[in-house]
Amino acid sequence: MSQKPKLPSPPDLPGFQEDHATVMDRQTERVQPPKMFRVVLLNDDYTPMEFVVMVLQEYFHKDQESATRIMLQVHLEGKGVCGVYTKDVAATKVEQVVDRSREAGHPLQCTMEEA
């Protein structure tokens, strides 16, 4: 029958000195939530209202009523918030909207600002 090997106790470990044992304090690291950014559509005199509603539905997943409300806010107040996202997502949405607007021949502007 084989015997189990004896595990070394701390004083038997190489480099262990009882006088110099150090206990490290646990440090908790706080992670900050990511900064959020608003994606904003800006008014112009050329982009059709129907196109703005379509962009809001397609890229921001708004229903007909919400898309129409935001479109009217853009039209009447000069700008409207489409949504609030992390920086990378907001930048992607801005790029998608601007690219789609240019493909359709519209000057619609979309920007992002820190929330």
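Student: How many disulfides does a search of the whole structure find?

Tutor: A disulfide is a covalent bond between the sulfur atoms of two cysteines. This is a predicted model, and the search of the whole structure finds zero disulfides. Cys82 is in none, and its nearest cysteine sulfur belongs to Cys110, 5.4 Å away.

Student: Is Cys82 buried or exposed?

Tutor: Buried means under 20% relative accessible area. Cys82 has 1% relative accessibility, so Cys82 counts as buried. Cys110, at 5%, counts as buried too. In the protein chain, 26% of the 115 residues are buried.

Student: Now the rings. How many aromatic pairs are there?

Tutor: Rings pair if their centres lie within 6.5 Å. The count here is one aromatic pair. It is formed by Phe60 and Tyr85, with ring centres 6.4 Å apart and planes at 35°, so the pair is tilted.

Student: Which parts of the chain does the pair link?

Tutor: The pair links distant parts: Phe60 is in helix 1 (residues 49-60) and Tyr85 in strand 2 (residues 79-86), 25 residues apart. Both Phe60 and Tyr85 are buried.

Student: What is the order of elements from the N terminus on?

Tutor: The protein chain has three helices and three strands, and the order is β-α-α-β-α-β.

Conventions: Residues are numbered from 1 along each chain as its sequence is written. This is a predicted model: local features need pLDDT of at least 70, side-chain atom pairs count only at pLDDT 80 or more; totals for chains, interfaces and linings use all residues. Side-chain values use heavy atoms; hydrogens and water are left out. Rings of Phe, Tyr and Trp (its six-membered ring) pair if their centres lie within 6.5 Å; planes under 30 degrees apart count as stacked, over 60 as edge-to-face and the rest as tilted. Helices (H or I, at least four residues) and strands (E, at least two) are DSSP runs, numbered from the N terminus. Buried means under 20% relative accessible area, exposed over 50%, partly exposed in between (1.4 Å probe, protein chains only). A disulfide is a pair of cysteine sulfur atoms within 2.5 Å.
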